[in-house]
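The display comes up next, and some notes follow it.

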Amino acid sequence: MKILIFGSDGFLGTYLSIAFKNSAHKVYGFDLSANGCFNQFAGNILDAEQVNYVIEKIHPDIIFNLVASFNSKSIENIKNAYILNVLGQLNILETIKNKLPKTKFINIGSSSQYGNVPRQLSPISEKTPFYPVSSYGISKLAQEMEAYKFYLIDDLNIIRLRLFNITGPGESAKTVASNAAMQIAKNIVYNKNDPIQLGYLNAIRDFLDVRDAANAIVEASLHGKKGEVYNICSGVPIKIKFLVQQLLHSSGKNYNIISNKKKKKKSEIEYHVGDNSKFKKISDWKPIYSINNSMKDLLTSWIRKIRDEA
């Protein structure tokens, strides 16, 4: 089959491309720049003509949209997030509707859509009500509803996925685990003993290695039912502090960890764990990478990156 991934150069997009190529599928990518690693097109998802061109040229069997804006620190960034997350995907869906209505589209949603779910409703299933507390979560919810509309009204083959916390090598330093890994890696590379400065560490999340997530997405796209929604998660509650401890264990060092509890946001969610039982009914998928594997590989990737840049 021919697979087209919008946002193919990103954290998840890179691993999803590898997962499909390992399954002997023909993979095409679309991102702001073409890295030359495989059949990739350079373009902007907000440009309807560019989106229309690449979809018509490839005639893909399955399309994924991994392009997303996470930044919501200012009103301007929030506006841009809505434009990119909702209107950008709308360009893809309109082209599918008008040109290739048989093409399958996989909507990549986020657990941020669920938001601050009351603890008594955990673990979070696909039927759990939404309590979004971030502009990103609200924009992703709007994005999913737009996709679902194309299924309801136009009978497009839409499958919706909601991903919980993805971690592993290549993760952005904007997340707590990767930021900690970066700081530890700098100490190792430059032979320092600086304390590791972090924010709130007591929140409990549902973490899944990016490589396991990519394999789960492949399975969901091939075996998921038209119009359905599936959680992609581990179902295992892990305190963020435990990730940092695993990073220290992998480093063989005992750096001082300073947790600035003042960095805890009012919108901070204390407990956020998913239920993947619905997904497991359509697939034999099981996670391969333990959280220890994920943290070890994350730290190794940061050490390599910092050494290369030194």
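The notes below cover charged pairs and a surface patch.

## Ground rules

This is a predicted model, where local features need pLDDT of at least 70, side-chain atom pairs count only at pLDDT 80 or more, and totals for chains, interfaces and linings use all residues. Residues are numbered from 1 along each chain as its sequence is written, and side-chain values use heavy atoms, with hydrogens and water left out.

## Salt bridges

Searching the whole structure turns up ten salt bridges, each being a side-chain nitrogen of Lys or Arg within 4 Å of a carboxyl oxygen of Asp or Glu. One of them pairs aspartate 155 with lysine 226, with the closest N and O atoms 2.9 Å apart. Aspartate 155 sits in the loop between α4 and β6, and lysine 226 in the loop between α6 and β10, so this pair ties together parts 71 residues apart in sequence. (Helices are DSSP runs of H or I with at least four residues, strands are E runs with at least two, and both are numbered from the N terminus.)

Another joins arginine 205 and glutamate 268 at 3.0 Å, N to O. Arginine 205 is in strand β9 and glutamate 268 in the loop between β12 and β13, 63 residues apart. Arginine 205 is buried, at 10% relative accessible area, while glutamate 268 is partly exposed at 21%. Here buried means under 20%, exposed over 50%, and partly exposed in between (1.4 Å probe, protein chains only).

## A nonpolar patch

Which residues form a nonpolar patch on the surface? They are Leu46, Ile83 and Leu87, with about 240 Å² of accessible area together, by the Shrake-Rupley method with a 1.4 Å probe, counting only the protein chains shown as cover for residues. Patch members have over 30% relative accessible area and no salt bridge; nonpolar side chains (Val, Leu, Ile, Met, Phe, Trp, Tyr) are joined within 5 Å, like charges within 9 Å. Leucine 46 lies in the loop between β3 and α2.
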